[in-house]
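Look over the sequence and the structure before reading on.

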Amino acid sequence: MQQLTSTQNPRVKEVVHLRQSRKRRQLGKFLIDGRRETDRAARCGFPLLEVFFAPDLASEETSAWMQRFYEEYRDRVAFFETSRSIFEKMAYGERDDGVLATARRVEVRLDEMLDALPQGRPHLIGVIEGVEKPGNVGAILRSADGAGVDALIVADPKTDLFNPNTIRASLGTIFSTPVCVASSEETLEELRHRGVKIYAAIVDGAELYTCADFTHSCAIVLGSEAWGLSDAFRVPSVQPIFLPMRGIADSLNVSTTAAILFYEASRQRMAETPPLV
């Protein structure tokens, strides 16, 4: 591994700049914090560019992993060993495993992503519109991965999909779940064109979520916590569904709602269990 010995090194400065959305887009790169997330990115075929490792911060287990990882990827990725102080300048928050990576941004078009989905079975697609917090986007990706959602569409996003906090909150599932960014109008048009039934989670929706039939090809749409869904998804072709609220709050956190709806769809699809009318 090459040694990084100064915080003034151009690579160190670039990593620090990649904490900014503008710089990530300008450079076409993004950050991956952590051993687990770095490993999952590599296993899922994302183009890693650099890996930074601070031995002083790493456990014996992480050090052993790094040796194996280095041997496997040394011909494709640049590896750098850093001191604790340099790594802490590059890292964000508590990063106690001493692993940080950069990767090339990979963005696909909506139609390309949907065309690539497995054929011969009904698809389950998640759509999140205007979600502001990277942590919520990451948590939704994690639930989508766990519930077997085929793809996630991030419609009219209010945060960068490749924000390091999104990647961290997703536990690296952003690399295994097909995901793309599109406008709300494009999303609605493409789903309609493909004959996908669209359900939208709306507080005053007309149908209880357990009564909706998720066994066919369908999309589950969720809006931001601040503004809800835009008018694009408040049209006759979109079926509004709701979750019952028994207390004083009128809605759940968007990532919690996503988990409930994704797993209800998964439950129905297991041996085609019918909706709970």
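Which residues in α3 meet α4, and which in α4 meet α3? From α3 come R35, T38, D39, A42 and R43. From α4 come E61, T62, W65, F69, E72 and Y73. Keep in mind that this is a predicted model.

**The α3/α4 contact**
- By class, the contact of α3 with α4 has four nonpolar, two polar and five charged residues.
- Helix α3 spans residues 35-43, and helix α4 spans residues 60-73.
- The two helices pack at an angle of about 25 degrees, and their axes are 12 Å apart.
- Angles under 35 degrees count as roughly parallel, so α3 is roughly parallel to α4.
- The crossing of α3 past α4 is left-handed.

**The sheet**
- Five strands form an open sheet in the order β1-β4-β3-β5-β2.
- The pairing in this sheet is mixed.
- Strands β1 (2-3) and β2 (29-33) are the edges, and each pairs on one side only.
- Strand β3 (residues 48-53) pairs with strand β5 (residues 99-104) in the antiparallel sense.
- Five bridges join β3 and β5.
- F53 has V99 in β5 as its bridge partner.

**Helices across the sheet**
- Helix α1 (residues 10-17) lies across β2, β3, β4 (78-81) and β5.
- Relative to β3, α1 runs at about 105 degrees.
- Helix α4 lies across β3, β4 and β5.
- Relative to β3, α4 runs at about 150 degrees.

Technical notes:
Residues are numbered from 1 along each chain as its sequence is written. This is a predicted model: local features need pLDDT of at least 70, side-chain atom pairs count only at pLDDT 80 or more; totals for chains, interfaces and linings use all residues. Side-chain values use heavy atoms; hydrogens and water are left out. Axes are lines fitted to C-alpha atoms, for helices over the stretch in contact, and angles run from 0 to 180 degrees between N-to-C directions. Helices (H or I, at least four residues) and strands (E, at least two) are DSSP runs, numbered from the N terminus. Angles under 35 degrees count as roughly parallel, over 145 as roughly antiparallel, 65 to 115 as roughly perpendicular and the rest as oblique. A crossing is left-handed if the near helix is turned anticlockwise from the far one by less than a right angle, and right-handed if clockwise. Contact means heavy atoms within 4.5 Å. Ala, Val, Leu, Ile, Met, Phe, Trp, Tyr, Cys and Pro count as nonpolar, Asp, Glu, Lys and Arg as charged, and the others, Gly among them, as polar. Two strands pair if DSSP finds at least two bridges between them.
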